Amino acid sequence: MRIGELARRAGTTTRTLRYYESRGLLPARRGDNGYRTYDEDDLKLLRQIRTLQDFGFELEETRPFVECLRAGHPEGDSCPASLVIYRHKLAELDTLIEQLTSVRAQVGAQLARAEAAVPGGPEPKCELGGHA
């Protein structure tokens with residue numbers, strides 16, 4: 001298939017595909033006519049990249065998965081380098097969850113303090129953004 005069809009089937013743009021090609025993530029094959037040509041394996045590579053990016057992986061973090069697929073592993077995540085990236089991403093997510101949990105606790109404490117400051121009293125007027 002040509003680049004336009006691959007982009008359409010992958011739900012992306014030809015510009016994105018050219019960028020992936022320039023980064024070495026998508027093979028740069030050309031037919032006798034000089035047009036880029038792609039096959040179903042390339043579509044599978046793109047779907048893997050897009051899924052990982054939807055999960056928050058940086059583009060470069062998808063490289064081990066792409067290389068694993070190219071090596072013939074059906075899912076792209078059973079190679080040692082892919083497992084390392086998974087572990088790194090999980091550690092990163094755990095850190096973010098801890099940070100968000102801490103911020104949530106702080107905001108909850110501030111809310112409780114603010115609510116306790118006006119028990120039964122009149123609701124304070126707030127002027128945000130210059131509104132009267």
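## Helix α5

Helix α5 has 37 residues and reaches 54 Å from its first C-alpha to its last, close to the 54 Å expected at 1.5 Å a residue. That expected span is 1.5 Å times one less than the number of residues. Helices here are DSSP runs (H or I, at least four residues), numbered from the N terminus.

This is a predicted model: local features need pLDDT of at least 70, side-chain atom pairs count only at pLDDT 80 or more, and totals for chains, interfaces and linings use all residues. Residues are numbered from 1 along each chain as its sequence is written, and side-chain values use heavy atoms, without hydrogens or water.

## Buried side

The buried residues of α5 are Ser82, Ile85 and Lys89. Buried means under 20% relative accessible area (1.4 Å probe, protein chains only). These residues pack against α4, with contact meaning heavy atoms within 4.5 Å.

An α-helix has 3.6 residues a turn, so residues three or four places apart point the same way.

## Surface patch

Leu90, Leu93, Leu96 and Ile97 form a nonpolar surface patch, with about 360 Å² of accessible area together. Such a patch joins nonpolar side chains within 5 Å, each residue having over 30% relative accessible area and no salt bridge. Ile97 lies in α5, residues 80-116. Ile97 is exposed (over 50%), at 52%.

## The disulfide

The whole structure holds one disulfide, a pair of cysteine sulfur atoms within 2.5 Å. Cys68 and Cys79 form it, their sulfur atoms 2.1 Å apart. Cys68 lies in helix α4 (residues 63-70) and Cys79 in the loop between α4 and α5, so the pair ties together parts eleven residues apart in sequence.

The link of Cys68 and Cys79 is right-handed, with 85° about the S-S bond. Cys68 is buried, with a relative accessible area of 1%. Cys79 is buried too, at 13%.

Methods: Patch = residues over 30% accessible without salt bridge, like charges linked within 9 Å, V, L, I, M, F, W, Y side chains within 5 Å. Areas by Shrake-Rupley, 256 points an atom, 1.4 Å probe, with all protein chains shown as cover. Salt bridge = Lys/Arg side-chain N within 4 Å of Asp/Glu carboxyl O. Helix = DSSP H or I, 4+ residues; strand = E, 2+ residues; numbered from the N terminus.
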